[in-house]
Amino acid sequence: IKKASEEYERDIGEAGLEVLAILLYEGPSSRSSIDYIRGVNSSTSIRNLLTRGLIERSGNPEDGREYIYRATTDLLSLLGTGTRENLPEYATISRELQSFKEQAEHGTTNTE
């Protein structure tokens, strides 16, 4: 119990903010997708955010071996918005994330 309360009292940190940004701008995502975008393992950050009630998980209908994570309505409320689409720069950032994923799927990279 003490370890759980210590984890809850700690700052979310940069890693947690990255995971939140992915889920807010990308939308519901699997852990492997989050890991790919970040380039590192996100298990600890995801567990921390789940504990705080900022994200939730559900079964993945496409793959029963993994979960899908999404921002909670409480998080959106804390941010002062009812929907992800009302977040700052939502259209631009979500489009850039989609482009990143498409480039990765096709094995191309942007060298600018």
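**View 1. Glu-56 stands opposite Arg-70 in strand β3.** The model is predicted, with local features needing pLDDT of at least 70 and side-chain atom pairs counted only at pLDDT 80 or more, while totals for chains, interfaces and linings use all residues. Residues are numbered from 1 along each chain as its sequence is written, and side-chain values use heavy atoms, leaving out hydrogens and water. Five bridges join β2 to β3 (residues 67-71), and these strands run antiparallel. Strands are DSSP runs of E with at least two residues, helices are runs of H or I with at least four, and both are numbered from the N terminus.

**View 2. Three strands form an open sheet in the order β1-β3-β2.** The pairing in this sheet is antiparallel. Two strands pair if DSSP finds at least two bridges between them; β1 and β3 pair over two bridges. Ser-30 stands opposite Ile-68 in β3. The edges of the sheet are β1 (29-30) and β2 (55-59), each with a single partner strand, so one side of each has no neighbour in the sheet.

**View 3. Helix α4 (residues 43-51) lies across β2 and β3.** The helix runs at about 105° to β2 (axes are lines fitted to C-alpha atoms, for helices over the stretch in contact, with angles from 0 to 180 degrees between N-to-C directions). Ser-45 is in α4. Its relative accessible area is 12%, so Ser-45 is buried (buried means under 20% relative accessible area, exposed over 50%, partly exposed in between, with a 1.4 Å probe and protein chains only). Apart from neighbours within four places in sequence, Ser-45 is in contact with Ala-15, Gly-16 and Val-19, where contact means heavy atoms within 4.5 Å.

**View 4. Helix α2 has several buried residues.** They are Gly-16, Val-19, Leu-20, Ile-22, Leu-23, Leu-24 and Tyr-25. At 1.5 Å a residue, the 13 residues of α2 should span 18 Å, and its end C-alpha atoms are 18 Å apart, which agrees (the expected span is 1.5 Å times one less than the number of residues). Gly-27 follows α2 and has a positive phi, near 100°.

**View 5. Tyr-25 and Tyr-90 form a stacked pair of rings.** A search of the whole structure finds three aromatic pairs. In the pair of Tyr-25 and Tyr-90, the ring centres are 6.0 Å apart and the planes are at 25°, so the pair is stacked. Rings of Phe, Tyr and Trp (its six-membered ring) pair if their centres lie within 6.5 Å; planes under 30 degrees apart count as stacked, over 60 as edge-to-face and the rest as tilted. Tyr-25 is in α2 (residues 13-25) and Tyr-90 is in α6 (residues 90-105), so the pair links distant parts of the chain, 65 residues apart. Tyr-25 has 13% relative accessibility and counts as buried, and Tyr-90, at 16%, counts as buried.

**View 6. Arg-57 lies over the face of Tyr-67.** The distance from the ring centre is 4.1 Å. A charge sits over a ring if NZ of Lys or CZ of Arg is within 6 Å of the ring centre and within 35 degrees of the ring normal.

**View 7. The chain has six helices and three strands.** Read along the sequence, they follow the pattern α-α-β-α-α-β-β-α-α. Of its 112 residues, 33% count as buried. Among contacts between residues at least 6 apart in sequence, 54% join residues at least 24 apart.
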